[in-house]
Amino acid sequence: MGRKAFIIIGFALLFILSFFISVGNGAVKVSPGEIIKVIFHQDKSMHYQIIWNVRLTRTIVAALVGICLSLSGAILQGIMRNPLAGPNIIGVSSGGGLAALIILILFPRYYYLVPLGAFVGALMATMFIYGIAWKGGVHPTRLVLAGVAMSALLNAGINGLMTFYPDRVVGVIGFMVGGLSATTWTQVKTIFYYAMGGTAIVMLIPRKLNILMLGDEVAVGLGLNVERTRLAFIILSSLLAGSAVSVVGMLGFVGLMVPHIARLFIGHDYKYLFPAAVLLGGSTVMLCDTLARVLFAPAEIPVGIIMSAFGAPFFLYLLRKREAIR
Amino acid sequence: MRLKKTAILMILVLIILFAGCGVKEQNNIANGREDAEEGEFIEEFGVAIYDDSVSFTDGRGEKVTLKKNPERVVCLFNSYLEIWDSAGGKVIGTIEDSSEKPIEGAKDAEIVGTLGAPSLEKIISLEPDMVILNANSKINMELVPALEQNGIDIVALNYFVKEDYFEIIRLFTALTDRDDLFNEYGLKVKSDVDSIIDKVPKDKDMTALLMVASAKNITVRDSSSYVGQMLKDLNLENISDGPVLSTEVKVFSLETILEKDPDYIFVQLTGTDQNKVFEKLKEDAESNPAWASLKAVKEGRYIFLPKDLYMYKANHRYAEAYKGLGKIIYPDIFN
C-alpha cells in the first residue's frame, strides 16, 4: 500500500474520531456508557433527547456540510486552476446569503423558505456569473473575476438590507456567520442526498478533473469537451455548496481551506484528493462545532468564528511548513 | 547624541503635557455652564433639576447640563420619541417610523432618515437646538462630533431596563418643565409596577427561558435584558443567567435547555410582520421531538409575547406589561 493510501486511512480514522468526539461532548455531561445505552434503548429520557435529537443530528449535519463545502472547493480550485477559488467565488455564499436575507428581513413570515431560497439564490448567482464570463467559452480567470465582482454586488445588497432594517438584524446574524445551533433531522435529510450524491459522482470521475488541470488545450487534445465538463463541474459544486449554505448559513471558509490542507498532505491527484477532502472537510466542521458548543457552554459561539480562528492559523502554519501549493 | 535624544524626549513630554492641558481646558468649558448653575436644585432618578436647567450623566458617561424648554428638537430613536411625546415635548425632526406605534405629536415633523441611516445634513439643516439619540447605536454616535461642532446639544441615552425609563421620563419632563406629566407617566407607573411586584409570591421556585424569535439559532436573553428583568422581578429564575458571555443576545445550548427543562419559555419578536412567524415557529417546535419533549411546550407554557409591550419598550405602559406576564405566571393572583 502506498503512502497516499495510508494518509487516506489516517484521515478516515480522524473522521471517525471526530464523530465520537462530537457526539461525546456538549454542554451537558453524558457518560459514554449512557450514550450507548440511549442509542440502543430509545427510552425518550432527557439524555436520549440530548444525544439522539440534538447532538447526533448536529454532528451528522456538521459532517455533511463539511463534506459538501470542501468537495465544492476542491472541484472549483481544479477547474479554475486557481488556488483562491472556493464556493464564495462562484457566488454561492453571497447569492445564498442575499436570498436568505431578503426572506428574513423583508418577508419574515416566510422564514421557513430560507433553506430553499438560499439554495436557489446560490444556484442563480453561479449561473449568472457563468453567463457573464461566457464569451465563446469560459476562461477560468474571467470566471474568477466575474465571481469577485458579482459577489461584491451581492454583498452590497446584503449590507444595504442590514443598514435599512437594523431592527430586524438580530434574527439574521445567525445566518451571516454560519451556525449549527438548531439542527434537526429534517436538515439531515435535506443535505444528506446532496452530500452522498455529490461524493459518489466526484469519486467516479476524478480523471476528468485531472485532465482539466492540465490546461484547456491539452484537455481538448485528449478528447475532453472542456466547456461542457467545466459547466457540469460548476453546477455540481454549486449544488453541493448551495445545499450546505441553505442549512447552516454562510460558512464559506471550509471550502477554500480544507482542499488546500488535503492537497498539502496528498498532492494534486484528484483520485486521492477527493476522498481526502471529503474526510478532512467532515472532520474539520465536526471538531470546530464541538469547540463552538463546549468552549463557553452553555452559551455557544457560531462555528464560522471557530473555524476561522483555529483554521486560518493552522492553514498558515502548514503553508510555511510544507512545499508551496500551486 | 545622548543630548539630542534627551532634548527630543523632553519636547515630546512637553507636547503631551500641553495636549493634556488642552483637553482639560476644553472640559472646563464644557462644564462651565454647570459650574455657573450651582445653586438650589432637586435630584430625582439621577437627574439634577435647577430653575432653568437640567443636569444628568448621559449614556456616554459624560455629565451634561441642558437648558430647559428646548424649542427645536430632533429625535433619532422612536422609543425615546414616545417618551419625549408623553413628557409634553415637541419635535421638528424624526426618523421614519417603522415601529407601528405612530406618535401623534410627531406626525408633522420632518423625516431625517431611517433608524439605520439618519442624514446628518438633513438634521443640521433643521437647525435644532437639541438632538435626542441612542448612545447604544454606533450609527447614532457617529453623528455626535459633527452635531456638537454645530453647537447642538446632545442627549445620548441608553435604555435597557425599567430604571432607565424612569430616568429618561424624569429627564424629559424636567426639560419640558412638566412635573404633572412626571407624576402621571413616571411616579404613578413606578408605584403601579412596585405594587405588582409586591404581590408576587416569593416561595415559588420556577424557571424560565427567554428566547428571541429567530429562524436559525436558539438565541436567548438573560435577566439583564428588558423582558428578562420583568421575569426576574416576577420571581422566575432565568436558566440562561450566568457569568458566561453575558451579552444582549446569545446563542444558547439546546442541550442545557433540555437538561434544565424550564417551567416557562417566552419568545420575544424582533421585527414586524410576525404573526405568521408565531404560528410557524410554534408548529416547528411541536414537530421537533427535542422541543416537544420540553415540559413548557407539552403543557402549553411556550408563550409568544405580543410585540407592542414586549418587543417595543412599554414606557408608560410598564405596569400593563408586568401585569400581562403576572397573569400568565400567577393566574390566581393577577386575574
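## The open sheet of chain B

Two strands count as paired if DSSP finds at least two bridges between them. With that rule in hand, look at chain B of this predicted model. Five strands form an open sheet there, in the order β7-β6-β5-β8-β9. The pairing is parallel. At the edges stand β7 (110–111) and β9 (153–157) of chain B, and each of these pairs on one side only.

Strand β5(B) is joined to β6 (residues 93–94) of chain B by 2 bridges, and the two run parallel. Which residue of β6(B) is the bridge partner of Cys75(B)? The partner is Thr94(B).

## A hairpin in chain B

Chain B also holds an antiparallel pair. Strand β3 (residues 53–57) of chain B and strand β4 (residues 63–67) of chain B are joined by 5 bridges. Ser53(B) stands opposite Lys67(B) of β4(B).

Together β3(B) and β4(B) make a hairpin, with 5 residues between them. One residue in the turn is Gly61(B), which has a positive phi of about 85°.

## Helix α13 of chain A

Now turn to chain A. Helix α13 covers residues 270–294 of chain A, 25 residues in total. From first C-alpha to last, α13 of chain A reaches 35 Å. That is close to the 36 Å expected at 1.5 Å a residue.

Is this helix enclosed or open? Of the 25 residues of α13(A), 20 are buried, so the helix is largely enclosed by the rest of the structure. Its N-terminal end is capped by Asp269(A). A side-chain oxygen of Asp269(A) lies 2.9 Å from the backbone nitrogen of Lys271(A).

## Two residues on chain A helices

Ser70(A) sits in helix α3 of chain A. Its relative accessibility is 0%, so Ser70(A) counts as buried. The side chain of Ser70(A) reaches the backbone oxygen of Gly66(A) at 2.8 Å.

Lys37(A) belongs to helix α2 (residues 32–40) of chain A. Lys37(A) has 40% relative accessibility, so it counts as partly exposed. How far apart in space are Lys37(A) and His47(A), C-alpha to C-alpha? They are 9.7 Å apart, with a separation of 10 residues in sequence.

## A nonpolar patch on chain A

Some nonpolar side chains lie on the surface. Ile102(A), Leu106(A), Phe107(A), Tyr110(A), Tyr112(A), Leu113(A), Leu116(A), Val120(A) and Met124(A) form a nonpolar patch there. Together they have about 790 Å² of accessible area.

Helices α4 (92–106) and α5 (114–133) of chain A each supply at least two residues of the patch. The most come from α5(A), with 3 residues. Ile102(A) is found in helix α4 of chain A. With a relative accessible area of 32%, Ile102(A) is partly exposed.

## Salt bridges

Side chains of opposite charge can pair when their charged atoms come close. The count over all chains is 23 salt bridges. One of them joins Glu300(A) to Arg58(A), with the closest N and O atoms 3.2 Å apart. Glu300(A) lies in strand β1 (residues 299–300) of chain A and Arg58(A) in helix α3 (residues 46–79) of chain A, so the pair ties together parts 242 residues apart in sequence. Both Glu300(A) and Arg58(A) are buried.

In chain B, Arg60(B) forms a salt bridge with Asp58(B), and here the closest N and O atoms are 2.9 Å apart. Arg60(B) is partly exposed at 26% relative accessibility, whereas Asp58(B) is buried at 6%. Asp177(B) forms a salt bridge with Lys68(B), with the closest N and O atoms 3.4 Å apart. Asp177(B) lies in the loop between α6 (162–176) and α7 (179–199) of chain B, and Lys68(B) in the loop between β4 and β5 (73–75) of chain B, so the pair ties together parts 109 residues apart in sequence. Asp177(B) is partly exposed at 42% relative accessibility. Lys68(B), at 13%, counts as buried. Salt bridges that share partners also build one network, joining Arg55(A), Arg58(A), Asp289(A), Arg293(A), Glu300(A) and Glu255(B).

Terms used
Residues numbered from 1 in each chain as written. Chains lettered and ligands numbered in written order. Predicted model: local features only at pLDDT ≥ 70, side-chain atom pairs only at ≥ 80, totals over all residues. Heavy atoms only, no water. Patch = residues over 30% accessible without salt bridge, like charges linked within 9 Å, V, L, I, M, F, W, Y side chains within 5 Å. Areas by Shrake-Rupley, 256 points an atom, 1.4 Å probe, with all protein chains shown as cover. Salt bridge = Lys/Arg side-chain N within 4 Å of Asp/Glu carboxyl O. Helix = DSSP H or I, 4+ residues; strand = E, 2+ residues; numbered from the N terminus. Buried < 20%, exposed > 50% of the residue type's maximum accessible area, 1.4 Å probe, protein only. Expected span 1.5 Å × (residues − 1). Polar contact = N/O pair within 3.5 Å; in protein donor to acceptor, adjacent residues only side chain to side chain.
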